[in-house]
Amino acid sequence: MDYQSLLTECIRDIKPSGIRRFFDIAAEMEDVISLSIGEPDFQTPWHVRQEGIHSLEKGHTHYTSNSGLLALREGISGYLQRRFGLSYQPKDEILVTVGGSEAIDLCIRSVIGAGDEVLIPEPSFVCYEPITRLAGGTPVIIETKAANQFRLTPEELREKITPKTKLLILPYPNNPTGAVMRREDLEGIARVLRGTNILVLSDEIYGELTYSKSGHTSVAQIEGMKERTVFVGGFSKTYAMTGWRLGYLCGPAPLVSAMTKLHQYAIMSAPTTAQYAAVEAIRNGDEDIVHMREEYDMRRRLLVDGLNRLGLTCFEPQGAFYCFPSIKSTGLTSEEFCERLLYTQHVAVVPGTAFGDCGEGFVRVSYCYSTSHLIEALHRIELFLQEHKESKAHG
C-alpha cells in the first residue's frame, strides 16, 4: 500500500519534535548527561502516590464524569483562588484533561477553523503551531527578543493583529526561555486586546515555578481579561506528576461546554487513578510545591552562573526550569552545537530552533536534574568549548 498517499498533506508536512530527536539519540548512548527533557527528577510525593494506590484498592477503576471528578474540580477551584486569586465555578468552568497538552489541543481545535489566525510568541513550546495547522488555522509568529528577556510587548502584539486574528497564545512562564510576564507587561497586552474579539489561551503550566518575590501573575487576574481567557494548568510540573497525565482548563462556561464536547468524543475522561491522586495533591501539596521550587531555584542560579562564566551569555530566567543561553560566540548553529556537544562530550541539550526559527543562536538547557549532573555537565561543556576554540585556532 502507498501509506504516504493515505496521510493528509498537513500531517505529512509536520516535523517531528526537535526535543525528542536529541533525547532519542542520547538514550542510545552510554555515559550521557541529558539536560534535554523538561521532566522533574523528583518522585511524585509519597502522600499523592499513596492516594492513587488507595483509589485502586477501593475499586475506583471506572470512568469519571467527562468533566472529571467533582471533588477534583472543586479542589482546582479552591487552589486557583488560594494561590492566584482566580475564581472559577467547579461545575461548568473547569474541565479535567489528559495533561495540559490535551487542554491546549481542545482550546485550539474548538475555536480555530480554516483561515483563522493564531498569534504565537516564539520561542515557545513545540505544540502550538502544529495543532493550529491541524485545525486548519494559520499560525502567525511573533518573534520575541532576547533584549526584552523574551517577553511579549504590546507593540509586537499590535503589529500582528489582523481582522482574521482569533486567538493569542500566551505561553508564560515560558518554555524554553524561562521568561515571565510581569503584571505591568500583562496590563499592556490587555490594553491592546480590549475592544477586540480575540481570545487568549494562557498556558500557565509553569505558574508555580516563578522565582521573583512578586510571584506569578495570571493574565486572567488583569481587569477585563478573565472573560476572554482560557487558563491551562496541570499537575506534571507543579507536583512532579508527568506520568500521571493530568491537566485542566478553566474559562467562560460557554467555551468550556464546547470544549467538553470535543473531550467527550476524543477522550471520554481523564485517568481515574490520576484524578484521585490529584485531589490529594491539590488539597495537601502546597509544601511540596515550596520544597521543589526552592530546589529548582538553587539549580537555576548554579546553571546560569556557570553558563555565563563559560561565555555562553544567559539572561536570568524567572520561571519554569530552563535556561536559554546564546551560543553565537562559538560560530556554530544551534543544531551544530548540540550535535557536536552530544557526540564529543555526551551532554544532550536542545537546539533553540526546535522552538521556532528565531531560536537560532540559542540552546535550551533544562535544570530539573540533580546538582551533581549540572556540575558535571558544565565541566563537559567547558571542555567542549575549549576544544572547539583550539580547533578554530588551528584552522
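D203 stands opposite V232 in β7. Strand β6 (residues 199-203) and β7 run parallel and share 4 bridges; strands count as paired if DSSP finds at least two bridges between them. Helices (H or I, at least four residues) and strands (E, at least two) are DSSP runs, numbered from the N terminus. The model is predicted: local features need pLDDT of at least 70, side-chain atom pairs count only at pLDDT 80 or more, and totals for chains, interfaces and linings use all residues. Residues are numbered from 1 along each chain as its sequence is written, and side-chain values use heavy atoms, with hydrogens and water left out.

V232 has a bridge partner in β8 as well, L249. Strand β7 (residues 229-234) and β8 are antiparallel, with 4 bridges. On the other pairing of β8, strand β2 (residues 94-97) is also antiparallel, over 4 bridges. There V96 is bridged to Y248.

## The seven-stranded sheet

These strands belong to an open sheet of 7 strands, ordered β2-β8-β7-β6-β5-β3-β4. The pairing is mixed. β2 and β4 (138-143) stand at the edges with a single partner strand each, so one side of each has no neighbour in the sheet. The twist averages 20° from one strand to the next.

Which way do the side chains of β8 point? G247 and L249 point one way from the strand (residues 247-250), Y248 and C250 the other. In a regular strand, side chains alternate between the two faces of the sheet. All four β8 residues are buried, that is, under 20% relative accessible area; exposed is over 50% and partly exposed in between (1.4 Å probe, protein chains only). Helix α5 (residues 70-84) lies across β2, β7 and β8. The helix runs at about 115° to β2; axes are lines fitted to C-alpha atoms, for helices over the stretch in contact, and angles run from 0 to 180 degrees between N-to-C directions.

## The three-stranded sheet

A second open sheet has 3 strands in the order β9-β12-β11, paired antiparallel. β9 and β11 (350-351) are its edge strands, each pairing on one side only. β11 and β12 are joined by 2 bridges. P351 has V363 as its bridge partner in β12.

## Nonpolar cores

The largest nonpolar core holds 39 residues. Such a core is a set of buried Ala, Val, Leu, Ile, Met, Phe, Trp, Tyr and Cys residues joined through side-chain atoms within 4.5 Å. L35, Y296, F321, F337, V349 and Y367 have the most contacts inside it. Elements giving two or more residues are α12 (286-309), β9 (322-323), α13 (334-345), β12 (363-366) and α14 (371-393). α14 gives the most, with 6 residues. Apart from this core lies another, of 27 residues, including L72, L86, M241 and A270.

Contact here means heavy atoms within 4.5 Å.

## Q345 in helix α13

Q345 lies in helix α13. Is this residue buried or exposed? Q345 is buried, at 12% relative accessible area. Its side chain makes a polar contact of 3.5 Å with that of E387. A polar contact is a pair of N or O atoms within 3.5 Å; within protein, one must be able to donate a hydrogen and the other to accept it, and residues adjacent in sequence count only if both atoms are side-chain atoms. Leaving aside neighbours within four places in sequence, Q345 touches R340, R380, L383, F384 and E387.

## Salt bridges

There are 19 salt bridges, each a side-chain nitrogen of Lys or Arg within 4 Å of a carboxyl oxygen of Asp or Glu. D286 pairs with R83, their closest N and O atoms 3.5 Å apart. This pair links distant parts of the chain, helix α12 and helix α5, 203 residues apart. D286 is partly exposed at 21%, and R83 is partly exposed at 27%.

D105 and R109 meet at 3.0 Å, N to O; they lie 4 residues apart in helix α6 (residues 99-111), about one turn. D105 is buried at 18%, whereas R109 is partly exposed at 37%. E129 and R133 come to 3.1 Å, again 4 residues apart, in helix α7 (residues 128-134). E129 is partly exposed at 27%, as is R133 at 40%.
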